[in-house]
Amino acid sequence: MNADAIRDKTAIVGVGCCKFGENWTQSPEDMIVEAAYEAYADAGIDDPQRRIEAVFCGAAYPSRGTAEVAESLKLFDRPVSLVQNYCATGTDAFRYGVFSVACGLYDTVLVVGFDKPKDRGVSGPSVMMSGVRELPATPAGWFALCAARYFEKYGATREDLARIAVKNHHNGTLAPKSMLKREITVEDVLKARMISWPFGLYDCAAQSDGAAAVVLTRRELAKTFRNDFVLVRAVAIALAPNPQSDPTFDFLGWKPTVYAARQAYAMAGIADPRRDIDVAQVHDCFTLTELLTYEDLGFCDKGAAKEHIAAGTFALKGELPVNTDGGLKSFGHPTGATGVRMIYENVLQLQNRAGPRQIKDAATALSHNIGGAPQTCGMTILARS
Amino acid sequence: MIGICSYGAYVPATRLPLALIGGARGEGGPEKAVASYDEDAITMGVTAAVECLRGFDRTAVDAVFVGSTTLPYHEKLAASIVAKALDLRRDVATADYGGSLRAGASALRGALDAVTAGTARSALVVASDCRLAAPRSPLERSIGDGAAAFLVGDSRCIAAYEALHAVADEILDVWRAAGDAFVHTWEERFVLEHGHRSVLIEALRGLFQQTGLGPADFSRAALYAPDAASHQAAARAAGLAADRVQPALFGRLGNTGAAFAPMLFVGALEEARPGERLLFASYGDGAEASAWRATAEIEKLGRRRALGWHLGRRRAIGSYATYLRPRHLEATEHDVRQAPGISATVHFRERDSDLSFRGAHCRRCSAEHFPPQRVCYRCHARDDFESVRLSDRQGRLLSWTLDHFFPTPEPPLAAGVVEIEGGARVYLQLTDVTSDELRCELPVEFVFRRIHEVGGKPNYFWKATPLRDMRSEPQ
């Protein structure tokens, strides 16, 4: 891999995000239009038909695929592609958008991530029983598999996890587009009904509908859109063996994150993540996922997360604030939208537009998704221009 | 010499305290063994057969005969599923015996006939039943679920076959017509007087007459009976001393239908000493009685879980609804059976792994994988594997969770990653486990179970269960 190939060649000049939630009255078209036109306006684009040369969509369960976005935005006679990569779907769509600009093929492209799980009629994830061995449990059951061993080895408890939920609920109250705006306590988390041990209800991200959009352009053109554009320093995707059958898995952290971080840090030239990253949005589908991610991303040593959680290292006022908008915990997790929503938040942070949750002098921001069993991780590192 | 070379039995761990049926609480009184939500006649039969074949070469089995009144398919063979789960040879003979409470005995007779005729040298017999009576009916209190298995062969028999006498009888005493959900019976006094009592005795007297033996010649007798009183009455009428009759286990096991007399026969074999003569009598649309003689081989048979072990392992279920729910006797909003179901082509491609639980052993680096891979996870060699059976190995639980969200009749569902001896790792559901037993490194073994019923049919796979000590009977 040529770690320098795409660094800082692409700029984000517009971001948009619809309000995430149980959007009963909104269709995918409504959410896509809302997010994309906010991003156009953010970039100062009033003629998207002329400026947007290609569209990269991310959706994990679209009803109509690429046409859903093309028809909503009436963007025809140009490439429209759909990317899927589990929970890293939005991040991977962004990644292809970056490549298409960095290689010089297009000047300006649109990335749209969306999903509408609340049209399925079920609360929580549905369990597809199409085979006999694929799904012995629900996603909570898959992501819980590190808990027993991690707790045993490092002495962490459900209370350490609960503090993550409390932090993210708090941050979510400060984000206008979040779904949940409610402070909770550690006791609320511990007393909630069990979903899959050790995860109670508040340890799990909600299901929600949402869409988010980003306008990308070549660095040289960025100033024609806005002065405070944001540079794409690194994008990464890495797959790892299914942890449920991986013969060398240790149940103490997720390999996909470790692998993707290696790529992203090499691209961005990051040697000490806790020092070099100012703000991070990480995949908190379950509280333990966020805890393990602190360690897998090198924000702290393996096993040390609980001390840092207690010390507030990752709180808004901490040394390295994580999930400043409340994360999946507060926004819910419309799979294809989530990665793009994280980029939206990081761009606001880097442009000093994040209001009461603004991290002072944020110059470098990281986003992270992990998905599947989990087997895949997507990351981005963005920098203030 | 032709006879029985090995035996096995299976009783589900779950017991329904009969008091729960009437709405009362508590246990300690009479109970019956009931299949768990993931068990049926096939899974119970497979587990009994696994015990029966313990220490025997599975590739030597030439035939599988399954006797049951409650096989899950009307059209589709149970014996083929049993043979596949046991990973038997492809040229094994397979047949189901059904339609009668005598189906287990008929399957045993079929095996004897096959070995006698020389069409098989080693024939596996599986008798298994989980009958359904109308909720809160008298019959519901007396019937239970269970299975027995015998290996019939022409050498090294533990019990030599001596003689058999059968009677065919046409009577409407117990029946279940096509489409009926529950077993029907005619009025009890008629059924006992003209059905069980008289016909079973007729078969026993025929056997005595044929062999010149009398009741006093038998050390142990395994007799079918629909209830405890009939059991005593039949033994008395046959002239069998009470201490020579295998206890009928009403209030502990229940009448396990086509598997009942075979299970009691397994109980007799467990205790039999060389030279003892054994009596086996089964009833259903007629009756048949057979005489057997234990040989010196019986003391050489390795330990296996049979009736005694299984009766010692029990877990009372907490509510009558827990019994009703998996039997679809409690209304629910969603019926999982109406989901589209699994693809027959996927089932076809995956049957070696899903039913026989075969994994892949890398010839280059010895890594093992389940399901089998084309490219080795460890050394990345391509297509250099040999197929290995994992079902009869042990494993250890690497990590686990209790999933309260997974749709199962008895939440929460225990699931975890198991490392099987040899290194293959599989994410499996756990069954017959309590939440306080779950811990990392828990030793486990594997059992064949129903994984779900989507598509309106049973879909089978293997589950992990805590490794139970075979020598001591659990309490």
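Two strands pair if DSSP finds at least two bridges between them. Strands here are DSSP runs of E with at least two residues, and helices are runs of H or I with at least four, both numbered from the N terminus. The model you are looking at is predicted, and local features need pLDDT of at least 70, side-chain atom pairs count only at pLDDT 80 or more, while totals for chains, interfaces and linings use all residues. Residues are numbered from 1 along each chain as its sequence is written, and chains are lettered from A and ligands numbered from 1 in the order in which they are written.

Two bridges link S15 (residues 358-362) of chain B to S16(B) in the antiparallel sense, and B:His361 has B:Glu368 of S16(B) as its bridge partner.

Chain B also holds an open sheet of three strands with mixed pairing, in the order S3-S2-S14. Its edges are S3 (31-33) and S14 (315-316) of chain B; each has a single partner strand, so one side of each is left without a neighbour in the sheet. Strand S2 (residues 14-17) of chain B runs parallel to S14(B), joined by two bridges, and B:Thr14 is found opposite B:Arg315.

Now turn to chain A and its strand S10. Call a residue buried if 20 or more other C-beta atoms lie within 10 Å of its own, exposed if 12 or fewer do, and partly exposed in between, with C-beta atoms placed from the backbone. Eight of the eight residues of S10 (residues 364-371) of chain A are buried, so this strand is largely enclosed by the rest of the structure. In a regular strand the side chains alternate between the two faces of the sheet. In S10(A), A:Thr364, A:Leu366, A:His368 and A:Ile370 point one way, while A:Ala365, A:Ser367, A:Asn369 and A:Gly371 point the other.

What does S10(A) pair with? Strand S9 (residues 279-281) of chain A pairs with S10(A) in the parallel sense over three bridges, with A:Ala280 bridged to A:Leu366. Strand S11 (residues 376-384) of chain A pairs with S10(A) in the antiparallel sense over eight bridges, and A:Asn369 stands opposite A:Gly378. S10(A) and S11(A) form a hairpin with four residues between them, and A:Gly372 in the turn has a positive phi of about 85°.

The helices of chain A come next. Twelve of the 14 residues of H4(A) are buried, including A:Phe94 and A:Val98. After H4(A) comes A:Gly104, with a positive phi near 90°.

We end with A:Gly131, in the loop between strand S4 (108-115) and helix H5 (139-143) of chain A. A:Gly131 is partly exposed, with 18 other C-beta atoms within 10 Å. Leaving aside neighbours within four places in sequence, A:Gly131 is in contact (C-beta atoms, placed from the backbone, within 7 Å) with B:Ile342 and B:Val346.

How values were computed: Two residues are in contact if their C-beta atoms, placed from the backbone, lie within 7 Å.
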